[in-house]
Number of protein chains: 2
Amino acid sequence: MNEIPYKIYLEENEMPTQWYNVRGDMKKKPAPILNPETLQPITLEELSPIFCEELAKQELDDTTTYFEIPEEIRNFYKMYRPSPLVRAYCLEKKLGTPAHIYYKFEGNNTSGSHKLNSAIAQAYYAKKQGLKGVTTETGAGQWGTALSMACSYFDLDCQVYMVKVSYEQKPFRREVMRTYGATVTPSPSMNTEIGKKINAEFPGTTGSLGCAISEAVEAATTQEGYRYVLGSVLSQVLLHQSVIGLETKAALDKYGIKADMIIGCAGGGSNLGGLISPFAGQMLRGEADYEIIAVEPASCPSLTRGKYAYDFCDTGKVCPLAKMYTLGSGFIPSANHAGGLRYHGMSSVISELYDQGLISARSVEQTKVFEAAEIFARVEGILPAPESSHAIRVAIDEALKCKETGEEKNIVFGLTGTGYFDMVAYEKFNNGEMSDYIPTDEELKKSLDTLPKVD
Amino acid sequence: MNEIPYKIYLEENEMPTQWYNVRGDMKKKPAPILNPETLQPITLEELSPIFCEELAKQELDDTTTYFEIPEEIRNFYKMYRPSPLVRAYCLEKKLGTPAHIYYKFEGNNTSGSHKLNSAIAQAYYAKKQGLKGVTTETGAGQWGTALSMACSYFDLDCQVYMVKVSYEQKPFRREVMRTYGATVTPSPSMNTEIGKKINAEFPGTTGSLGCAISEAVEAATTQEGYRYVLGSVLSQVLLHQSVIGLETKAALDKYGIKADMIIGCAGGGSNLGGLISPFAGQMLRGEADYEIIAVEPASCPSLTRGKYAYDFCDTGKVCPLAKMYTLGSGFIPSANHAGGLRYHGMSSVISELYDQGLISARSVEQTKVFEAAEIFARVEGILPAPESSHAIRVAIDEALKCKETGEEKNIVFGLTGTGYFDMVAYEKFNNGEMSDYIPTDEELKKSLDTLPKVD
């Protein structure tokens, strides 16, 4: 066996040529998504006016295990993939742990995160369908950035509805998107009926993700040749993101490393689902066993404190309903929350795997998350996104447990992106001004009371 | 011959183990640096109170051709090196050029630029000498970021004097440095005698690089166990940066590619000097021939319009004098200049190679630079630093010439870093509010009149 290098790079010819759909290997499938009007499983015909046709097909297909990655997408992937699987030698030394820590780094592209893996796929299918463009929403801006980049590559129009407060507070994210040629509109805007309505009802509102989704969907369905695209939660997104896990597994296999523990941060579930899917597939097929840990913010604890039920994916209630671990579509994390992963629900695939006991979950407080981020940055030379730092926190905690027990566990975690655009949060932490907030049971009960009655 | 992949990665065991000192192969050496008080070649004893001893030795050594890279530095390099040499397939396609374009990408580390290659070396030698810490100045913040990261790795105190206007306008850069544990002081400050003096003379001044250098040097020489470090211009910095060129050459050789043209942006010369040194070495030894092009801003044209003469390296006139192409140490680029590379002079090594005709130089206007940056970003998926985009501009121009002539030239350029912290400039460009400024002959004459009388 070769000595394990700092960074394990696959060769281009070792890159995956197919995405893996973990639903194909699940005996008990995730519950189907429902038409918000009929509350019946949604059909391809009903989905197609909103989503690109190929993507709608992928969304509904829970039996096909592998999907070919089209050559155009594979060529784009080659610009920034394979991404490195890094052996965190310096972090291990700093912690004094016998554990071996590995992280799959997805921040090595301009969008700065793993979101690009799905953005390029969605843009490709939109182009292939002959569309003029796509619409989407963005909060912090990672998804909007990735999509802008993907659309510029395929010469597609890209219209991003950005939550107004982010639009104003994160002008740099906005400018990255504009540099890639996207139109960025602060939401709620006066471009859409729903935007006008919300502006009239709540003058001076700074917007919300739910509202931006509704505007983007309206913009897609009222313009000829446009569809709506989304960066997380959906099963199609997890499918595209499986490239992360497939590469991770190939890199580990190349060096004969057996992961004991796989850790990922979880907001809507796109990164976690992508990272773990081939490993979860082995577990589902009875071929191997892993400890898989989803890490979420204590301030937005959908897996650890939510309810497994059908819920709306957006506050505007225009998108299909999904069965998922949810805090209720009206849930909004405390204003002091700075660590991302703010979505009220969790991908239905992740939710079902969690419900089946294949995945465990932990919630962590944000000061602990930024503390871990700083430890990591100082020795590993990457300034991590706050989202990614949730996984770092638990990886460090587990490595410190190994220090006590002397176990040489192989700990693998997903480092989804960089924190270059999150320096306001880092500043708060550096100045000792960051605090934690955990929602009370009463608050959660209140938002869970808004769940729709289905069945 | 294998097909050339999108990204050529060397294996860790193919990484350079020695830095290359191009001065060793120069028959006519760069002129020696002078003691600012005596105007005589400065001695090791005179340099040692300011610089770490090993670094002072490297600075003065113009005969040794190769220096061992200490193992600790090689291990640190492995965290982010070898950096990829990327075949710009997508840019070639976009331009429709028969040329083959390659770029060496140095932005794949948190500091976001090549500066880290020398920062880690300088921090290492400071630590080895048993120092408590180092002081430096930073303008835009790339160097300060890299040094903060390097110091945190070796647990050294890092004191950064940041030009006040940048400190206030670039709070995110400041926070990255603080996250790495550095102390960042807006300059002019009240910490130093010179800072106090400048604040008294020019109340409300927003500072300058020259003033920040003077403060950093004073801070180094008045605190026990501190030395001053610098991120460009010096020959020691070019020595460390040779790792860029050595890797580039190894990657090209691995695939049997002969570069026709090597292009780099040039401010103080650290990136350009590092990139070209092994190629210039071949030329000096008569083994090969290349067209080497230094690209500088039209608003700060030291090579194309400056004078080859001894000048002060800093406006405070406390550092040694160097013979270099210079615009005069009092030269300050127009306030509308946003593209970096603002230094008034050019590394004495680059200056001498230019004077000997091994290097040619071009100046480009900033709107053309940002135009090239945008073209590049949209197809290659990396948002480039404005500095790096000077090289992109000329690479694109040359590739378009090949389109006319049908030549399949191999064009190699240095992509020194990412532009995540330069979105204010991109915003200006996106809004069509960016303009160009070329200094008049009279303006240049005025600043060149301040050159010291030496000889």
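This is a predicted model: local features need pLDDT of at least 70, side-chain atom pairs count only at pLDDT 80 or more; totals for chains, interfaces and linings use all residues.
In which kind of crossing, left-handed or right-handed, does α5(B) pass α11(B)?

**Stop 1**

Start with chains A and B together. Chain B can be laid on chain A by a turn of 180 degrees, with a shift of 0.0 Å along the axis and an RMSD of 0.0 Å. The two copies are thus related as by a two-fold rotation axis. Colour the contact residues next: 100% of those in chain B recur in chain A, so the same surface serves both copies.

**Stop 2: the sheet of chain B**

Seven of them, in the order β1-β4-β5-β15-β10-β11-β14, form an open sheet with mixed pairing. To find its edges, select residues 7–8 for β1 and 359–364 for β14 of chain B; each of these strands pairs on one side only.

Then zoom in on β4 (residues 85–87) and β5 (residues 100–105) of chain B, which run antiparallel and are joined by 3 bridges. For one bridge to display, pick B:Arg87, whose partner in β5(B) is B:Tyr102.

**Stop 3: α5 and α11 of chain B**

Select residues 116–128 for α5 and 235–254 for α11, both in chain B. Their axes are 8 Å apart and the packing angle is about 125 degrees, which makes α5(B) and α11(B) oblique to each other. Here is the reply to the opening question: α5(B) passes α11(B) in a right-handed crossing.

Show side chains here. From α5(B), B:Asn117, B:Ser118, B:Ala121, B:Gln122 and B:Tyr125 meet B:Gln236, B:Val237, B:His240, B:Gln241, B:Val243 and B:Ile244 of α11(B). By class, this contact of α5(B) with α11(B) has 5 nonpolar residues, 6 polar and no charged.

**Stop 4: α2 and α11 of chain A**

Finally, bring back chain A and select its helices α2 (residues 53–60) and α11 (residues 235–254). They pack with axes 7 Å apart at an angle of about 90 degrees, and are therefore roughly perpendicular to each other.

On the α2(A) side, pick A:Leu55, A:Gln58 and A:Glu59; in α11(A) they meet A:Ser235, A:Gln236, A:Leu239 and A:His240. The contact of α2(A) with α11(A) divides into 2 nonpolar, 4 polar and 1 charged residues.

Methods:
Residues are numbered from 1 along each chain as its sequence is written. Chains are lettered from A and ligands numbered from 1 in the order in which they are written. Side-chain values use heavy atoms; hydrogens and water are left out. Two strands pair if DSSP finds at least two bridges between them. Helices (H or I, at least four residues) and strands (E, at least two) are DSSP runs, numbered from the N terminus. Axes are lines fitted to C-alpha atoms, for helices over the stretch in contact, and angles run from 0 to 180 degrees between N-to-C directions. Angles under 35 degrees count as roughly parallel, over 145 as roughly antiparallel, 65 to 115 as roughly perpendicular and the rest as oblique. A crossing is left-handed if the near helix is turned anticlockwise from the far one by less than a right angle, and right-handed if clockwise. Contact means heavy atoms within 4.5 Å. Ala, Val, Leu, Ile, Met, Phe, Trp, Tyr, Cys and Pro count as nonpolar, Asp, Glu, Lys and Arg as charged, and the others, Gly among them, as polar. Copies are superposed by least squares on the C-alpha atoms of residues with pLDDT of at least 70 in both.
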